[in-house]
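Student: Could we go through this model together, one question at a time? I would like each answer to show how it was reached.

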Amino acid sequence: MSTMKIKKGDTVKVITGKDKDKEGKVIAVNKKDNTIIVEGINMVTKHTKPSAANQNGGIVKQEGPIDASNVMYLHKGKATRVGFKLDGDKKVRVAKSTGEVID
């Protein structure tokens, strides 16, 4: 399994699909399915039963997962590809457009 180029907390831009050109923060990453959940992107309606947490139940809007290949990392307001580089003995992410270390 290869490493994910997008991590939780990153700001990303959607490059394809119904939410194209929207931006948001990554809430969750699923490496197994290669999907991510982005704040405010791919909103789906879910019908919930009444429970202890939600007394009434009803229809809830929440974010659905999207494929990681459909988003690009935002670096200084511009979408860029992400690569990896060895910095000493540590592997770091690098923005391909500027060559700067992301984290």
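Student: In which loop is Asp21 found?
Tutor: In this predicted model, local features need pLDDT of at least 70 and side-chain atom pairs count only at pLDDT 80 or more, while totals for chains, interfaces and linings use all residues. Residues are numbered from 1 along each chain as its sequence is written, and side-chain values use heavy atoms, with hydrogens and water left out. Strands are DSSP runs of E with at least two residues, numbered from the N terminus. On that numbering, Asp21 is found in the loop between strand 1 (11-14) and strand 2 (23-30).

Student: What is the phi of Asp21?
Tutor: Most residues other than glycine have a negative phi. Asp21 is a residue other than glycine with a positive value, its phi being near 75°.

Student: Is Asn34 buried, partly exposed or exposed?
Tutor: Asn34, in the loop between strand 2 and strand 3, has a positive phi of about 60° although it is not a glycine. Buried means under 20% relative accessible area and exposed over 50%, with partly exposed in between, using a 1.4 Å probe and protein chains only. Because its relative accessibility is 32%, Asn34 counts as partly exposed.

Student: Which strands are the edge strands of the open sheet?
Tutor: The open sheet is formed by 6 strands in the order 6-3-2-1-7-8, with antiparallel pairing, where two strands pair if DSSP finds at least two bridges between them. An edge strand pairs on one side only, which is the case for strand 6 (66-67) and strand 8 (78-80).

Student: Which residue in strand 6 is the bridge partner of Ile36?
Tutor: Strand 3 (residues 35-38) pairs with strand 6 in the antiparallel sense over 2 bridges. In strand 6, the bridge partner of Ile36 is Ile66.

Student: With which side chain does the side chain of Glu100 make a polar contact?
Tutor: Glu100 lies in the segment after strand 10 (90-95), and residues up to four places away in sequence aside, it touches His75, Lys76, Arg93, Val94 and Ala95, contact meaning heavy atoms within 4.5 Å. A polar contact is a pair of N or O atoms within 3.5 Å; within protein, one must be able to donate a hydrogen and the other to accept it, and residues adjacent in sequence count only if both atoms are side-chain atoms. At 2.9 Å, the side chain of Glu100 makes such a contact with the side chain of Lys76.

Key: Helix = DSSP H or I, 4+ residues; strand = E, 2+ residues; numbered from the N terminus.
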